[in-house]
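This briefing is for a reader who has not seen the structure before.

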Amino acid sequence: MGRLNSLSDKKNTLSWANSYQGTHVKIPNNFKLSTISNFYDIELKKYFALSALSRSTSSPKELVDRAYNLIFRIRTKIEKSITESIKEILHKDELAMELLFQGSFFGCSKKQGVSVRLPLTSCVPSKLCGAACYAHDVLDAAPASIVRGAINGLIAEIYEKEDKNTKKYIMTQLTSHTKIAINTSINEVSQLQTAWNRRPYIRFSHVGEISEWPKFCNALAKQVKDISNESVDAIIYTRHPKAKYIDTDLSIVNFTLDKGSENRIGWKPDKSRLVYSAFEGEISPDVEINFLEHHRWIHLEPIGSGNICPTTLPETKTEDRSCDKVECNLCFIKPTLN
Ligand code: SF4
């Protein structure tokens, strides 16, 4: 999927992306996650090809730049289209809401651990992060990831807007998912093979912004806290204006700036940690942690001085790029600074 065979394929992908305004696709009332991927097959594959082109080191620079400039808009148009297709079904039959809870609400990967995936429509991107985001890289750009993110975002959106009974219904439906996520996060720690130890955690979210739906975020963090008897932490990275509504007694918040958004400092919640996305390698001396920009095909050298996340250091071996491998939990402990 997404292999760019010729210059003409790349030009066709760009031409499609230039004119893409979203799609109105009618999906079956009893949809499955795979059904949605199938019905949005063309758009999802085109987006995947566009994301690959935007990261290409061998294609003509002019085409790569055009893909890079389009990538965030196309991703969010597809996510919105998927969400609208599902909403059409929910408007006709509210019992169909239970279909949103099929599959796994939480995901799990070696690098991220247990995490929630959300759509990029929840982001308020800075000038730098929208296109550079690793959400457009390989697996995070794949059809199943996009569909899962759109569905999870819809659950969060419904929780945020709807009445008490619907909120209760959603949290009840999520209970079994949360129990599995808690157990997985605890197992993850018990399987650590070195003397290194840490508290179990779940990332809200590793793609997209849960701060867009703060009531949902706080309810989910409370559910994790209650079910786990406070043994599992909710971890948030955010650069969102609604971050101030996140309850920092329920979640550990890493408020993220970058060179294009340093004026967001006023949005930083009290009792949160200040971190920095070091796009193009430019790091900040004024934050607790810098994340050096890196992708599978390129790794930026640090420019300036400051504390750098060890998994993003160029000298760290590729197979060691997880927090447990480098034995670091700086982001996952309660912040000591304000
Ligand atoms: S600073 Fe430490 S805890 Fe945070 S992402 Fe990097 S390795 Fe993980």
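Lys179 is partly exposed, because 14 other C-beta atoms lie within 10 Å of its own; a residue counts as buried with 20 or more such atoms, as exposed with 12 or fewer and as partly exposed in between, with C-beta atoms placed from the backbone. The model is predicted: local features need pLDDT of at least 70, side-chain atom pairs count only at pLDDT 80 or more, and totals for chains, interfaces and linings use all residues. Residues are numbered from 1 along each chain as its sequence is written.

- Lys179 belongs to helix 7; helices (H or I, at least four residues) and strands (E, at least two) are DSSP runs, numbered from the N terminus.
- Between the C-alpha atoms of Lys179 and Val224 there are 8.0 Å, although the two are 45 residues apart along the chain.
- Two packed helices are described by the angle between their axes and the distance between the axes.
- Helix 7 (residues 164-190) packs against helix 8 (residues 214-227) at about 50 degrees, and their axes are 10 Å apart. Here axes are lines fitted to C-alpha atoms, for helices over the stretch in contact, and angles run from 0 to 180 degrees between N-to-C directions.
- Helix 7 is therefore oblique to helix 8; angles under 35 degrees count as roughly parallel, over 145 as roughly antiparallel, 65 to 115 as roughly perpendicular and the rest as oblique.
- The crossing of helix 7 past helix 8 is right-handed. A crossing is right-handed if the near helix is turned clockwise from the far one by less than a right angle, and left-handed if anticlockwise.
- From helix 7, Lys167, Met171, Leu174, Thr178, Lys179 and Ile182 meet Ala219, Gln223, Val224 and Ile227 of helix 8. Two residues are in contact if their C-beta atoms, placed from the backbone, lie within 7 Å.
- This contact of helix 7 with helix 8 has six nonpolar, two polar and two charged residues. Ala, Val, Leu, Ile, Met, Phe, Trp, Tyr, Cys and Pro count as nonpolar, Asp, Glu, Lys and Arg as charged, and the others, Gly among them, as polar.

**Helix 6 and helix 8**

- The axes of helix 6 and helix 8 come within 8 Å and cross at roughly 100 degrees, so the two helices are roughly perpendicular to each other.
- Ala156, Tyr159 and Glu160 of helix 6 make the contact with Lys215, Phe216 and Ala219 of helix 8.
- By class, the contact of helix 6 with helix 8 has four nonpolar, no polar and two charged residues.

**Helix 3 and helix 4**

- Helix 3 (residues 41-54) and helix 4 (residues 61-92) have axes that come within 8 Å and cross at roughly 145 degrees.
- Helix 3 passes helix 4 in a left-handed crossing.
- On the helix 3 side the contact includes Glu43, Leu44 and Tyr47, and on the helix 4 side Leu63, Val64 and Ala67 are among the residues.
- The contact of helix 3 with helix 4 divides into 12 nonpolar, two polar and two charged residues.

**Backbone features**

- Phe204 and Ser205 are joined by a cis peptide bond, with omega about 5 degrees; Ser205 is part of strand 3.
- Val138 is not a glycine but has a positive phi of about 40 degrees. Val138 sits in the loop between helix 5 (129-132) and helix 6 (143-161), and it is partly exposed, with 15 other C-beta atoms within 10 Å.
- Glu280, also not a glycine, has a positive phi of about 55 degrees. Glu280 is in the loop between strand 6 (273-278) and strand 7 (289-292), and it is partly exposed, with 13 other C-beta atoms within 10 Å.

**Exposed residues**

- Asn197 lies in the loop between helix 7 and strand 3 (201-207). Asn197 is exposed, because 11 other C-beta atoms lie within 10 Å.
- Asn197 and Asn218 are 21 residues apart in sequence, and their C-alpha atoms are 27 Å apart in space.
- Ser34 is in helix 2 (residues 33-39) and is exposed, with 12 other C-beta atoms within 10 Å.
- Ser34 and Gly103 are 69 residues apart in sequence, and C-alpha to C-alpha they are 10 Å apart in space.

**Around the ligand**

- The residues around the ligand include Ile289, Cys309, Pro310, Thr311 and Cys323. A residue is near a molecule or strand if its C-beta atom, placed from the backbone, lies within 6 Å of it.
- The shell around the ligand has nine nonpolar, two polar and no charged residues.
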